[in-house]
Amino acid sequence: MLVKTDGVRQPAPAGDHKVICRNATVEDVEPLYLMIEEYAQRGIMLPRSRQALTRQIDQFVIAELDGKFIGCGSLFRLGADLVEVRSIGLRDEGKGKGIGSMILEKLTEEARRQKIPKIMALTYAVDFFLRNGFTVVEKEIFPEKVWTDCVNCKKQHACDEIAVLKKLD
């Protein structure tokens with residue numbers, strides 16, 4: 001669960017544009033759904049229903065570029081010492097500006113706040129995670145993930161995603 005902020009949005013530089021990374025609200029469900037659905041149709045993310053997103057909205061962060069929804073990510077607790085970065089994505093116009101790293105840093109800050117020492121992800125964007133301090137690991141070390149999501153995935157027996165892990169201080 002992400003901590004709700006006091007509503008103050010902190011802009012960050014991205015060239016000549018204003019980028020805001022904030023906790024999601026129920027008003028963000030539709031753009032979240034549309035982005036995740038687009039990625040899911042390409043086989044890059046697991047789909048999420050609008051109802052599931054509404055129930056899990058406190059797990060998501062949103063990035064806005066010049067006031068427009070540009071990206072998202074979520075943090076899902078898998079155990080006492082492990083969280084997963086999920087549903088991290090950007091619109092094409094947001095790529096290459098450091099916005100994905102901003103989203104990931106906000107999620108990492110939340111894991112630290114909760115005193116969770118390990119963050120993992122299953123991804124095709126390995127280089128992105130490596131640039132952000134993750135290392136490649138064997139996915140078999142995450143039985144928590146296997147029994148929460150992988151068991152329902154159509155790629156379960158032929159998973160081609162790469163597992164990455166970051167240990168926090």
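**Disulfides.** I looked for disulfides (pairs of cysteine sulfur atoms within 2.5 Å) and found zero in the structure. As a reminder, a disulfide is a covalent bond between the sulfur atoms of two cysteines. Cys21 is buried at 14%, and Cys72 is buried at 0%.

**Ground rules.** I am working with a predicted model, in which local features need pLDDT of at least 70, side-chain atom pairs count only at pLDDT 80 or more, and totals for chains, interfaces and linings use all residues. Residues are numbered from 1 along each chain as its sequence is written, and side-chain values use heavy atoms, with hydrogens and water left out.

**Helix H1.** Helices and strands here are DSSP runs numbered from the N terminus (H or I, at least four residues, for helices; E, at least two, for strands). H1 covers residues 29–41, and its 13 residues reach 18 Å from first C-alpha to last, close to the 18 Å expected at 1.5 Å a residue. That expected span is 1.5 Å times one less than the number of residues. Which H1 residues are buried? I noted Val29, Leu32, Tyr33, Met35, Ile36, Tyr39 and Ala40. They pack against helix H2 (50–55) and strands E3 (60–65), E4 (68–79) and E5 (82–90), with contact meaning heavy atoms within 4.5 Å. After H1 comes Gly43, with a positive phi near 80 degrees.

**Salt bridges.** I counted a salt bridge wherever a side-chain nitrogen of Lys or Arg is within 4 Å of a carboxyl oxygen of Asp or Glu. The count comes to seven.

- Arg22 and Asp28 meet at 2.8 Å, N to O. Arg22 is buried at 9% relative accessibility, and Asp28 is buried at 7%.
- Glu38 and Arg91 meet at 3.5 Å, N to O. This pair links distant parts of the chain, 53 residues apart: Glu38 sits in H1, and Arg91 in the loop between E5 and helix H3 (99–113). Glu38 is partly exposed at 38%, and Arg91 is partly exposed at 22%.
- Glu110 and Arg113 meet at 2.8 Å, N to O. They are three residues apart in H3, so about one helical turn separates them. Is Glu110 buried or exposed? Glu110 is buried at 6%, whereas Arg113 is partly exposed at 47%.

Definitions and conventions: Buried means under 20% relative accessible area, exposed over 50%, partly exposed in between (1.4 Å probe, protein chains only).
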